[in-house]
Amino acid sequence: MALLISVSGCKKQTPPTTSAKTTSSEETAGESGSGNQDDPDCNSYIDNAMSMLEPERLGISSSLERAVGLLNQWTFKCGNFDTDPPSLTDSQKSFLKKYLSEAQLAKMDLTRFTEFDGKFIRDSQLFNGMVNASIEGKSNDVERITSAFYYCMNNVVLITNQQNVLPLSPYEICILGAGSAEQRAWIYIDMLRQLRLDAVLLKPAKEAPYKLLVGVLLNESVYLFDPVLGLPIPAKDQPADTVLIQKTATLAEVLKSPEILKDFYGEDAANRFSAEELKAPQALIMGRSCEWSSRMRRLEDSLSRKQTFVLFRNLEELKGDPGFISHLQTIGKGILKDAEIKVSEYPDKEIDASEAVEGDLAKRIASLKLPFRAPVPFDPKARIQKPEGFEVQWGAPTRKLLKTRTAQLMGDQEAAIESYVTTRLEAGFPSDLIVPQETRLMHLMAAQQATYFLALGQYLQGEDASASRSFNDYFRLYSRVDPERTIASMYLMAISDAKSGKLSSAIVAVAENKPPAALKPAFPYLEKRWRAIRDNAPKN
């Protein structure tokens, strides 16, 4: 435990039809210059590359370099990238220069796939699995975007101290399960893109901490979500008996009734977004430059029908689709007409920074990733007796925890929970076994991660009473190890209690625990809501 403290520092579902217009692969196949696309070898290049880039395989049993090599063989032999390069036209450049930097345009204009592209494809498959897991059983798009939001926020807890935010890729953020508000918003927006739904990050003209909202463009409305609090902005006509917010307010509703935000944020309203600021905000399109590129469009057009994930979104007009920028300008009869629209450089810069870490920062990130290599196998039968104990031959780390966390993100909670139980048991070794220090530390840290993620799996499955007990176990064992996870476990434990009918216990948890500044409005809002549910419940 002392060692541990010292390092603290699915089921597939067809995406719904939506208002965002897209061009299917069948409609565009053959229009991108892929003259040899019917050749079976052409299909095998893509199928094999996509398989190697699955989140369950890449970096575990497959090579990024090999997968990208297959894609570039396809561009040469099948995609006709040499004779008909997927470059930006002069008219596209003229239009896009209003919204993108020169660096972004240069990355869009590449005519070969890079390792950054390979990781983006891996992430797209991960987000597709996550969003499909989150929307299972939901009957309409409004329910889906709300359910996907909660799924994202629960899987990626808020880092409340900005000094602890690290430059990480979206994949790393999801696996580690913690991120800044902007990182959480980025992942949620990318999840929605797998449903072919557009969403933007909203900031005030003069940026400030905690003033951050996600606007989801749906049915001529902009639905508002707060990635700092991890809660939707509540609509006025909220169901009275639901523990969490189920009906999300739209931008039009907030502009018409500014008290929605004031009532929601309460005493901290001055530090949060106001309706006045939402009249002319920054509207940032979030995504990596490759997502808007012609090479990614051609690749998506050539995917097989079993590969249902999304790789491309057009910013400008394309084949009758007016594009993301026009969608943003015209949504709700121009409700965002006064917004400052641009394509954010944040995703590209975060990716670049995550690849360039070195020194102490690299060591810090490596220590966070260490437990996901566990467990390290050994054969107790082939042991050698020594005066201080017995030695064994250690095998290569199995990365079982990494595989389990990936499966959990993609919706297989039952298998993940079972695996987390065994991971906790693997923290112990025979008392007379000589264990390398890093191996022992890896197993101890893996047990800590497994304790939290086990509780999260129960929570996501709706096993509220069990989740509450498991979060309490984490709180009891590791509250001094990871302050951010401690806050998250206490928060989710209170919600679990409320959902399982223990409203008084839940109310005490949010009333008597002082939240960090970032989460300040959430606790009194939930306390008030839960008190109303308890007080209005039928008396036996």
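1. In which sense do strand β5 and β6 pair, and over how many bridges? Strand β5 (residues 221-226) pairs with β6 in the antiparallel sense over two bridges, where strands count as paired if DSSP finds at least two bridges between them. Within this pairing, Asp-226 has Leu-231 in β6 as its bridge partner.

2. A note on the basis of these remarks: this is a predicted model, in which local features need pLDDT of at least 70 and side-chain atom pairs count only at pLDDT 80 or more, while totals for chains, interfaces and linings use all residues. Residues are numbered from 1 along each chain as its sequence is written, and side-chain values use heavy atoms, with hydrogens and water left out. Helices (H or I, at least four residues) and strands (E, at least two) are DSSP runs, numbered from the N terminus.

3. β5 and β6 belong to an open sheet of six strands with mixed pairing, ordered β6-β5-β4-β3-β7-β8. Its edge strands, each pairing on one side only, are β6 (231-232) and β8 (340-343).

4. Helix α14 (residues 324-334) lies across β3, β4, β5, β7 (282-285) and β8, and runs at about 65 degrees to β3. Axes are lines fitted to C-alpha atoms, for helices over the stretch in contact, and angles run from 0 to 180 degrees between N-to-C directions.

5. Helix α13 (residues 294-301) is mostly covered, with eight of its eight residues buried; among them are the charged residues Arg-295, Arg-297, Arg-298, Glu-300 and Asp-301.

6. The axes of helix α20 (residues 464-478) and helix α21 (residues 483-499) come within 8 Å and cross at roughly 155 degrees. α20 is therefore roughly antiparallel to α21, a term used for angles over 145 degrees, with those under 35 roughly parallel, 65 to 115 roughly perpendicular and the rest oblique. The residues of this contact (heavy atoms within 4.5 Å) divide into eight nonpolar, five polar and four charged.

Methods
Buried < 20%, exposed > 50% of the residue type's maximum accessible area, 1.4 Å probe, protein only.
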